[in-house]
Amino acid sequence: MFDQARWAPRMKELEEQIASESAAVRQQMPPQTVRYGKSDDEVLDIFAPPGARDAPVMIFIHGGAWIRSTKDDASFAAPVFARRGVVYVAVNYSSLATVRMPEIAEQCARAIEWVVRNVSGHGGSPERIFVCGHSAGAHLSGCMLATDWRARGLAAKVIRGALLLSGLYELRPVVLSSRRSYVHLDDAEVDALSPMRHLSRISSPVTIVSADQDTPEFKRQSRVFADALDAMGLLTAHHVLFNANHFEEALQLGREDSEVVRSARRMMSL
C-alpha cells in the first residue's frame, strides 16, 4: 500500500520529468535561495513576480516519502503561480536518512515562521500565507495546519488555506508497513505527527486532492481526512483526478488549466 512503484509503473520516468521541468524553470527564472535555519538543509527558494507587493504567498512542501527529493524538484510549479502575481516558496528539509521525522516537521515549521516574518521583504503578504504539499509534503502540510503558532510568537491563524495532494494523515499504518525500515517512530511520535488525531487544532479551510490510480491506502486516507474536515465545516472541496497516478497528480500543479491549479486559485481568491 505504500510502495508507489507497484501502482505507478512510470514512476521513475515521471519523477525525472518533474526534475527536468523544475531544472528548466530554475534556469529561466532563477529563484532567490535563503536560509531559514542553521543546517545546510534548511533553505528555501523564493520565486517572486516582478514588482510584487503584498502578494499572496504559496508555500510548497515537496514529497518523496520523507527521504527523496529536495526543493529543487519543486520549481516546476513556480511559473503558474508567479504569472498570477503569487510569491511561490519551495521549502527544503532534511531526509529521514539523516534526521528523524519530528525534526523534519520542526524544520517545516521554522520555514513557515521565517516566511511569515520575512516575506514582506520579497513582495509577499504575511497575512496571505497558503500551504500546498504533495504526498509526504501533504502530510507535513497537515502537521503545519495543526501547529500552535502562538507558541512561536505568531498569530493563531498563520495559514489561510491549504491544498493537500495525496497525503498521509494517520501514521500508524505507515509504521506497520515496509517503510518501517526507515520510518522510526514511537507511539507518542505517531500520535504527535498524525494530523488526523489533531483535528481540533485545525481552523483553516482545506482542499483535498487524490488520484484515482493511487494506492488504496493513499486514497482511503484522503477520503477519511476529507470527511472529517467536511464534518467540521473546513473542507472546501475533495477532487479526485481521474486517469492519474500519484506522480501524474503532482505534475498537474504545474499545468495552468488543471483542476489542481484552478482549486489553488479559488482558495487564494485569484
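**Exercise 1. The chain as a whole**

How many helices and how many strands does the secondary structure of the chain contain? State also how the radius of gyration compares with that of a compact globule.

Solution. The model is predicted, and local features need pLDDT of at least 70, side-chain atom pairs count only at pLDDT 80 or more, and totals for chains, interfaces and linings use all residues. Residues are numbered from 1 along each chain as its sequence is written, and side-chain values use heavy atoms, with hydrogens and water left out.

Step 1. The chain has 10 helices and eight strands; helices (H or I, at least four residues) and strands (E, at least two) are DSSP runs, numbered from the N terminus.

Step 2. The radius of gyration is taken over C-alpha atoms, and the globule rule is 2.2 Å times the number of residues to the power 0.38. For 270 residues the rule gives a value near 18 Å, and the 17 Å of the chain agrees with a compact globule.

Step 3. Of the 270 residues, 59% count as buried, where buried means under 20% relative accessible area, exposed over 50%, and partly exposed in between (1.4 Å probe, protein chains only).

**Exercise 2. One face of a helix**

Which residues of H8 are buried, and why do they line one face of the helix?

Solution. Step 1. Helix H8 covers residues 216–231 and has 16 residues. From its first C-alpha to its last it reaches 22 Å, close to the 22 Å expected at 1.5 Å a residue; the expected span is 1.5 Å times one less than the number of residues.

Step 1. The buried residues of H8 are Glu217, Phe218, Gln221, Ser222, Phe225, Ala226, Ala228 and Leu229. Seen down the axis of H8, they fall within an arc of 165°, so they line one face; the arc is that of the directions from the helix axis to the C-beta atoms.

Step 2. An α-helix has 3.6 residues a turn, so residues three or four places apart point the same way.

Step 3. The cover of these buried residues includes helix H1 (4–7), strand E7 (206–211) and strand E8 (235–241).

**Exercise 3. A buried valine**

Is Val260 buried or exposed, and with which residues is Val260 in contact, leaving aside its neighbours within four places in sequence?

Solution. Step 1. Val260 belongs to helix H10 (residues 259–267).

Step 1. Its relative accessibility is 1%, so Val260 counts as buried.

Step 2. Apart from those neighbours, Val260 is in contact (heavy atoms within 4.5 Å) with Leu163, Leu165, Val209, Leu241, Gln252 and Leu253.

**Exercise 4. Aromatic pairs**

How many aromatic pairs does a search of the whole structure find? Classify the pair of Phe47 and Tyr88.

Solution. Step 1. Rings of Phe, Tyr and Trp (its six-membered ring) pair if their centres lie within 6.5 Å; planes under 30 degrees apart count as stacked, over 60 as edge-to-face and the rest as tilted. The search finds five aromatic pairs.

Step 1. The ring centres of Phe47 and Tyr88 are 6.0 Å apart and the planes stand at 55°, so the pair is tilted.

Step 2. Phe47 lies in strand E2 (residues 43–47) and Tyr88 in strand E4 (residues 87–91), so the pair ties together parts that are 41 residues apart in sequence.

Step 3. Both Phe47 and Tyr88 are buried, and ring pairs link Phe47, Phe60, Phe81 and Tyr88 into a cluster.
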